[in-house]
Amino acid sequence: MNRISKYSFIRLCTVVVLFIFASCGEDRSGEYAELTQEDRWIEQQMQNIYLWYYDMPTVKEENYFAEPKEFFESLLSTKCRDGEGDHFSYFESDKTDNSATDNSLLIDETSSYGFDFMIYNDPTGTTAHKMARVLFVLPDSPADEAGLKRGDWILKVRGINVTDNNYGYLLQGGATTLTTASLNSTTEEGEIVLSWGEETTLEIGASRQVTSNPFYKVEVFSQSGKNIGYLMYDHYSPGPTDTSTEYNEKMKQIFGDFKSRGVNEFILDLRYNPGGVMSCITELCSFLAPVQNLGQPLFSLQYNNLNTNRNTTSHLNANLAAQNLGLNTLYVITSPYTASASETTIYCLKPYMDVKVIGSTTVGKNVASLGIASPYNFTLHPIVATIYNCKNQSDYENGIRPDYFYNEFSNTDPLGEIGDPQSDALLKYTIQWILNGSLNLPTTETGIASFRSNGRELSPHFTTLDHKRARGNILTE
């Protein structure tokens with residue numbers, strides 16, 4: 001019997017005993033109420049604020065004896081979003097530290113080596129082992145200090161081949177070793193042959209709390225008479241905590257610098273951005289939208305029919321005109337992990353400017369969640385509102401499709417350093433698009449399979465990016 005079902009079983013047995021006592025004339029209703037109060041509080045909140053409250057499954061009496069997390073998840077609609085169900089609402093156990101939530105803890109909120117990765121079968125096809133491909137390394141993390149780089153392939157952890165059973169050791173733990181190797185590609189008789197290069201062993205320190213500001217890479221590229229601004233924006237956060245605005249002030253400074261350097265084209269890199277606090281969307285869009293549209297509506301939030309008084313509209317901030325870049329066109333880099341506030345930015349700028357997208361179809365999260373703290377040491381994060389643009393449209397629940405498709409996760413081409421205009425394929429292609437007006441890339445998703453420069457098709461089994469996608473478009477009150 002697993003932990004959850006055992007917990008529920010014990011609570012259910014307790015209530016049976018209480019009913020037996022009640023049948024003997026002894027009033028034990030107070031103990032029954034105490035046993036079920038957490039779940040009944042959850043139900044009460046959900047029946048009021050949950051966007052799809054009318055689609056919640058029927059609660060049976062025995063359901064009230066489940067653990068709170070299990071009970072919360074049992075209430076989520078399975079019919080919404082054209083039958084896909086709600087996989088965005090989530091439950092969070094409260095931290096022992098009651099200080100403001102830390103918005104900059106990206107990979108793990110308590111302990112991490114500080115890198116994102118994907119797990120693949122051995123791309124050479126010569127073993128049954130799994131391999132971890134490094135996607136993103138946070139500055140000043142144990143991974144960064146060990147010399148781990150984006151694009152590295154990890155073959156072993158603790159000297160043991162990576163498998164389905166041990167790749168969790170790449171997430172967190174004590175000081176350890178990682179064995180990496182390059183993936184080499186040659187062509188023999190017209191066939192691509194992949195092989196592993198010389199192995200390197202890296203010593204990595206113990207995992208720890210890893211933080212990062214949202215501005216992973218800020219650059220200006222001057223080519224062919226154009227000054228191309230580039231921002232790799234990692235997550236939407238006003239500051240290191242919910243109560244600070246340090247990052248918003250930094251963003252204002254960054255765009256002021258872009259403007260002073262004569263930036264006349266702009267690339268917004270959202271490929272790994274899962275979203276975040278929605279107030280940051282208005283700030284970012286106010287620097288990017290055409291200056292004549294400042295002050296106009298950007299997006300609106302529509303709650304369920306029990307909470308129409310909460311409906312709000314956010315406007316582009318006219319007070320940021322001094323840092324506005326005066327653009328009419330915006331280039332955005334996306335991936336299958338671009339979600340929530342990132343998608344809202346793209347979708348809600350489209351009525352005002354030509355937003356050109358390159359990469360992969362995004363997640364499709366056109367809804368927002370609200371954190372509801374309980375008196376029982378947990379917080380609910382139910383979906384509470386649908387997001388609409390200024391034309392009252394919200395038709396991106398199946399994701400935003402790019403104009404040109406390029407999926408860096410699906411082939412063995414090397415992953416260059418993010419922000420390097422030569423080795424970072426997505427950035428390189430975007431700059432070519434700006435300079436030439438078009439690209440020799442697929443314009444449909446089915447064309448991706450046939451577009452590989454020197455590698456093979458890959459299909460990941462697991463990625464650390466997955467858990468981030470639900471936690472975006474966060475409302476604060």
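# Reading a predicted fold

Mentor: The structure holds zero disulfides. Keep in mind that this is a predicted model.

Trainee: How do I judge a cysteine that is in no disulfide? Which cysteine sulfur is nearest to that of Cys-348?

Mentor: A disulfide needs two cysteine sulfur atoms within 2.5 Å. For Cys-348, the nearest cysteine sulfur belongs to Cys-285, and it is 7.2 Å away. Now check the cover. Cys-348 counts as buried because its relative accessibility is 0%. Cys-80 is also in the buried class, at 4% relative accessibility.

Trainee: Let me step back. How many helices and strands does the protein chain have?

Mentor: Eight helices and 23 strands. The chain has 477 residues, and 52% of them count as buried. Its accessible surface comes to about 21000 Å², with 46% of that belonging to carbon and sulfur atoms.

Trainee: What share of the contacts joins residues at least 24 apart in sequence?

Mentor: Take the contacts between residues at least 6 apart in sequence; 73% of them join residues at least 24 apart. Tyr-303 and Val-367 are 64 residues apart along the chain, and their C-alpha atoms are separated by 9.7 Å. Tyr-303 lies in strand E13, residues 297-303. At 11% relative accessibility, Tyr-303 counts as buried.

Trainee: Next, the nonpolar cores. Which residues touch the most other members of the largest one?

Mentor: A core is built from buried nonpolar residues joined through side-chain atoms. The largest here has 75 residues, and those touching the most other members are Ile-42, Tyr-233, Phe-255, Phe-266, Leu-268, Leu-288 and Leu-301. Helix H6, residues 279-288, gives the most to this core, with six residues. A second, separate core has 38 residues, including Tyr-120, Leu-135, Ile-228 and Ile-434.

Trainee: Pick one member. What does Phe-255 touch?

Mentor: Leaving out residues up to four places away in sequence, Phe-255 touches Leu-231, Phe-266, Leu-284, Phe-287, Leu-288, Gln-323 and Leu-325.

Trainee: Now helices. How do I read burial along one?

Mentor: An α-helix has 3.6 residues a turn, so residues three or four places apart point the same way. Start with H6. Nine of its 10 residues are buried. They run from Cys-280 through Leu-288, with Glu-283 and Cys-285 among them.

Trainee: And how many residues of helix H7 are buried?

Mentor: Nine of nine, so H7 (residues 341-349) is largely enclosed by the rest of the structure. The buried residues of H7 include Glu-343, Tyr-347 and Cys-348. They pack against E12, H6, E13, E15, E16 and E20.

Trainee: What about the span of H8?

Mentor: H8 covers residues 425-436, 12 residues in total. From first C-alpha to last, H8 reaches 16 Å, close to the 16 Å expected at 1.5 Å a residue. The buried residues of H8 are Ala-425, Leu-426, Leu-427, Tyr-429, Thr-430, Ile-431, Trp-433 and Ile-434. Their cover includes strands E10 (215-223), E11 (226-233) and E12 (265-269). E15, E16 and E21 are also among the covering strands.

Trainee: What follows H8?

Mentor: Gly-437, with a positive phi near 85°.

Trainee: Which residues other than glycine have a positive phi?

Mentor: Asp-82 is one of them, with phi near 55°. Asp-82 is found in the loop between helix H3 (68-75) and strand E1 (90-93). At 69% relative accessibility, Asp-82 counts as exposed. Asn-392 also has a positive phi, of about 60°. Asn-392 sits in the loop between strand E20 (383-389) and E21.

Trainee: One last feature: a charged residue in a loop. Is Glu-408 buried or exposed?

Mentor: Buried, because its relative accessibility is 6% and the cut-off is under 20%. Glu-408 lies in the loop between E21 and H8. Next, look for polar partners. The side chains of Glu-408 and Arg-150 are joined by a polar contact of 2.9 Å. Another polar contact, of 2.5 Å, joins the side chains of Glu-408 and Tyr-272. Then list the neighbours. Beyond four places in sequence, Glu-408 touches Arg-133, Arg-150, Arg-271, Tyr-272, Leu-415 and Leu-426. Leu-426 is also one of the buried residues of H8.

Definitions and conventions: Residues numbered from 1 in each chain as written. Predicted model: local features only at pLDDT ≥ 70, side-chain atom pairs only at ≥ 80, totals over all residues. Heavy atoms only, no water. Helix = DSSP H or I, 4+ residues; strand = E, 2+ residues; numbered from the N terminus. Expected span 1.5 Å × (residues − 1). Buried < 20%, exposed > 50% of the residue type's maximum accessible area, 1.4 Å probe, protein only. Contact = heavy atoms within 4.5 Å. Polar contact = N/O pair within 3.5 Å; in protein donor to acceptor, adjacent residues only side chain to side chain. Core = buried A, V, L, I, M, F, W, Y, C linked by side-chain atoms within 4.5 Å. Areas by Shrake-Rupley, 256 points an atom, 1.4 Å probe, with all protein chains shown as cover.
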